[in-house]
Amino acid sequence: MINKGLKNNSLSPCQLASQYKNYEIFDFLIQQPFVNFTKGYFKNCVNLKRITISEHCQIINDSLFEGCTSLTTIEISSSVTFIGKNAFYRCSKLKKIIIPS
């Protein structure tokens with residue numbers, strides 16, 4: 001799970017990963033309050049398999065996970081009130097979206 005140090009970093013997780021050979025992101029927990037990931041922030045993170053969005057997040061921006069071709073599971077908090085256009089476009093392996101009641 002990757003989440004440390006991203007709050008004050010202008011690079012996306014995939015951009016950070018590309019700076020390190022053998023560094024891949026498979027699981028990501030979005031939990032900090034007031035986090036607003038820009039459009040396409042996780043775009044083309046091809047090794048990302050699972051995303052968990054906590055109760056602190058309310059918006060899934062446009063194209064946020066576009067092209068995450070290995071993404072199979074996403075857990076979205078019931079606090080999410082908006083899912084943007086093409087948020088999961090080209091997530092061809094996405095099988096399960098969990099939204100707790």
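Predicted model: local features only at pLDDT ≥ 70, side-chain atom pairs only at ≥ 80, totals over all residues.
Biologist: What is threonine 73 in contact with, leaving aside its neighbours within four places in sequence?

Modeller: Lys49, Arg50, Ile51, Leu94, Lys96 and Ile98.

Biologist: Thanks! And why is asparagine 44 called partly exposed?

Modeller: Asparagine 44 has 39% relative accessibility. Buried would need a value under 20% and exposed one over 50%, so asparagine 44 counts as partly exposed. You will find asparagine 44 in the loop between β1 (27–30) and β2 (50–53). Its C-alpha atom is separated by 9.5 Å from that of leucine 64, 20 residues apart along the chain.

Biologist: Which residues touch the most other members of the largest nonpolar core?

Modeller: Phe42, Leu48, Ile53, Ile60 and Phe65, out of 20 residues in that core. The elements giving two or more residues to this core are β2 and β4 (73–76).

Biologist: Where is confidence lowest, and where is it highest?

Modeller: Helix α1 (residues 13–18) is lowest, with a mean pLDDT of 55, while strand β6 (residues 96–98) is highest, at 93. Over residues 1–9 the pLDDT is below 50, and this stretch has 16 contacts in the model beyond near neighbours in sequence. Residues 19–23 also stay under 50, with four contacts beyond four places in sequence.

Biologist: And what does the chain average?

Modeller: A pLDDT of 76, with 68% of the residues scoring at least 70.

Note on methods: Residues numbered from 1 in each chain as written. Heavy atoms only, no water. Helix = DSSP H or I, 4+ residues; strand = E, 2+ residues; numbered from the N terminus. Buried < 20%, exposed > 50% of the residue type's maximum accessible area, 1.4 Å probe, protein only. Core = buried A, V, L, I, M, F, W, Y, C linked by side-chain atoms within 4.5 Å. pLDDT = per-residue confidence, 0-100. Contact = heavy atoms within 4.5 Å.
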